[in-house]
Amino acid sequence: MPTRKHPSPMRILLIAYEFPPSPSPQSLRWAYLGRELHRLGHEVHVLTIDLGGSSPGLPDLPAGITVHRTYPGHVRGLIAWRRRHFRKDRASRATTAASDAPPVTPSRGGWKHRVSAVLQRVGEHIWFPDLRGEWHAYAQARLDELLGEHHPDVVISSHEPATTLQLGLRAKQAGFRWVADLADPVLAPYTLPRWRPTARQLEADVCDNADAILVTTPAARELLMDRHAGMAPVTVLTQGFDDSAPPASRVASREPGTLELLYTGSFYSFRTANTLLQAVLDTPGVRLNIATIQAPDDVVAASRQHPDRIRLLGFLPHLDALAWQRRADVLVNLANRDPAQVPGKCYEYMGAGRPILHLGVDPGDAVAAQVRGRHRGWVCAPDTATVTGQLRQLAQLHANGRLAEGLQLDRTGVVEFGWSQLARRLDELLGTIGQPRD
């Protein structure tokens with residue numbers, strides 16, 4: 001897509017620990033927003049870490065975005081070195097042994113996942129807010145250089161980790177305009193007790209000094225405004241979907257056959273699949289497909305015992321996950337612990353143009369409100385009998401070619417969640433606080 005001339009192009013410096021090749025939601029957020037800001041004509045620079053590897057299936061970044069990668073610290077640096085070494089070794093083997101076998105997505109579980117978890121637990125007791133805090137000294141030195149070399153019109157911090165906010169404060173103190181993309185508050189329920197005073201003070205400093213603050217939900221905006229008087233303006237800029245990609249090709253009906261459910265995402269103690277698994281097994285003609293980094297033991301066991309009903313897809317690169325979402329009959333979402341939160345995948349689900357089945361009916365459930373209010377699917381209480389009854393109804397509708405009847409699955413009703421539209425809103429905000437170059 002050609003870049004149009006912006007009436008007031010700005011030079012933007014984004015500070016983002018999570019950035020491609022990281023596949024995290026915050027990384028995806030700024031891969032898309034950065035791409036769209038570049039398409040709007042802005043000059044975009046990114047200060048991030050050197051992960052030492054690559055992740056397939058992420059959105060392409062325009063060549064005009066300049067990424068400044070820095071040493072992440074000794075622990076992550078060692079991991080990055082190992083990734084580079086493994087990649088070279090794998091490439092060397094590939095040149096000496098050709099294979100006709102289809103590519104296999106590498107597992108994100110196993111001993112590497114366990115080692116990473118141990119390092120994270122140790123690191124969070126040494127660095128604020130966690131292991132990622134070891135990047136601070138290296139990032140600060142490079143930030144000072146970039147501020148002097150490029151004189152950005154506006155600096156944006158992408159939280160998490162809170163390290164990016166500390167760096168944003170430094171840029172603000174040096175006289176630059178600063179936007180803090182908080183997503184979640186710094187002081188959160190999961191903040192370690194030892195870091196709570198630090199997190200509380202940093203959050204207050206951000207609210208007092210930023211020129212503008214971004215959050216992803218109205219609930220986060222209300223929380224911050226309750227905590228901090230006289231703070232910077234807070235704008236809700238949700239997660240989104242790639243509106244440059246095509247939606248599902250068929251939204252009115254599907255051919256009769258097995259009703260294919262798809263769940264993409266993680267599982268937690270508060271977000272388990274037990275009820276859904278049992279309901280699927282109790283409903284003939286339904287299959288559940290699960291794409292997740294690390295499946296819990298009960299999910300793995302169910303897939304082995306009932307491979308025709310429960311199918312584990314493993315880790316799917318982002319673009320592959322989007323393609324699966326567009327092909328599925330029904331997209332499944334499990335409610336969060338905090339009902340006011342809307343996971344990023346829910347916006348992807350809406351952009352896919354397929355019906356959504358949301359399991360969760362707590363008061364104030366933001367996802368339920370979106371699904372119902374925009375006629376994107378169905379909301380169901382998360383107990384086995386109710387979910388089973390719902391699945392039987394959906395299987396019958398599917399068999400009759402009436403699954404999408406009464407739903408509004410095109411993008412007209414969710415256009416404001418497209419990344420291009422979100423970037424335009426951000427562009428307008430930046431225009432009110434930035435200082436464009438002559």
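Confidence in this predicted model is lowest in helix α2 (residues 74-96), where the mean pLDDT is 58, and highest in strand β4 (residues 154-158), where the mean reaches 98. Over the chain the average pLDDT is 86, and 84% of the residues score at least 70. Two stretches deserve a careful eye. Across residues 89-109 pLDDT stays under 50, and the model has 10 contacts for them beyond four places in sequence. Residues 251-255 also stay under 50, with 15 such contacts. Where pLDDT is low, the predicted coordinates should not be read in detail.

## The chain as a whole

Let's step back for the overall picture. The chain has 438 residues, and 51% of them count as buried. Its secondary structure comprises 14 helices and 13 strands. Of the contacts with a separation of 6 or more, 73% are between residues 24 or more positions apart. The accessible surface is about 20200 Å², with carbon and sulfur atoms contributing 53% of that area.

Two residue pairs put names to such separations. Arginine 424 and leucine 40 are 384 residues apart in sequence, yet their C-alpha atoms are 8.0 Å apart in space. Arginine 424 belongs to helix α14 (residues 419-433) and is partly exposed, at 38% relative accessibility. Aspartate 208 and alanine 232 are separated by 24 residues in sequence and by 6.3 Å from C-alpha to C-alpha. Aspartate 208 lies in helix α6 (residues 196-209). Is aspartate 208 buried or exposed? Its relative accessibility is 52%, and the cut-off for exposed is over 50%, so aspartate 208 counts as exposed.

The largest nonpolar core holds 54 residues, and Leu261 and Leu288 touch the most other members. Helix α11 (residues 344-352) supplies the largest share of this core, 5 residues. There is also a second, separate core of 38 residues, with Ile15, Leu167, Leu202 and Ala232 among them.

Which residues does leucine 288 contact, leaving aside its neighbours within four places in sequence? They are Leu261, Tyr263, Leu276, Leu277, Val280, Arg309, Ile310 and Arg311. Three of these names, Leu276, Leu277 and Val280, return in the next section as buried residues of helix α8.

In helix α8 (residues 274-281), the buried residues are Leu276, Leu277, Ala279 and Val280. They sit on the same side of α8, because they cover an arc of only 165° around the axis.

Helix α9 (residues 297-305) has Val299, Val300, Ala302 and Ser303 as its buried residues. Their arc around the axis is only 165°, which means that they lie on the same side of α9. What covers these buried residues? The cover includes α8, β9 (286-291) and β10 (310-314). On the face turned away from the buried side, α9 carries the exposed residues Asp297, Arg304 and Gln305.

## Backbone geometry worth checking

Most residues other than glycine have a negative phi, and most peptide bonds are trans. The table lists places in this model to look at with that in mind.

| Site | Feature | Value |
|---|---|---|
| Histidine 159 to glutamate 160 | cis peptide bond | omega about 20° |
| Glutamate 160 to proline 161 | cis peptide bond | omega near 0° |
| Histidine 151 | positive phi | phi near 45° |
| Histidine 375 | positive phi | phi about 55° |

Glutamate 160 is in the loop between β4 and α5 (163-173), and proline 161 is found in that loop too. Histidine 151 sits in the loop between α4 (136-150) and β4, where it is partly exposed with a relative accessible area of 48%. Histidine 375 lies in the loop between α12 (366-373) and β13 (377-380). With a relative accessible area of 38%, histidine 375 is partly exposed.

## Cysteines

How many disulfides does the model contain? The count is 0, taking a disulfide as a pair of cysteine sulfur atoms within 2.5 Å. Cysteine 207 is buried, at 1% relative accessibility. Cysteine 380 is buried as well, at 2%.

Key. Residues numbered from 1 in each chain as written. Predicted model: local features only at pLDDT ≥ 70, side-chain atom pairs only at ≥ 80, totals over all residues. Heavy atoms only, no water. Core = buried A, V, L, I, M, F, W, Y, C linked by side-chain atoms within 4.5 Å. Buried < 20%, exposed > 50% of the residue type's maximum accessible area, 1.4 Å probe, protein only. Helix = DSSP H or I, 4+ residues; strand = E, 2+ residues; numbered from the N terminus. Contact = heavy atoms within 4.5 Å. Areas by Shrake-Rupley, 256 points an atom, 1.4 Å probe, with all protein chains shown as cover. Arc of directions from axis to C-beta. pLDDT = per-residue confidence, 0-100.
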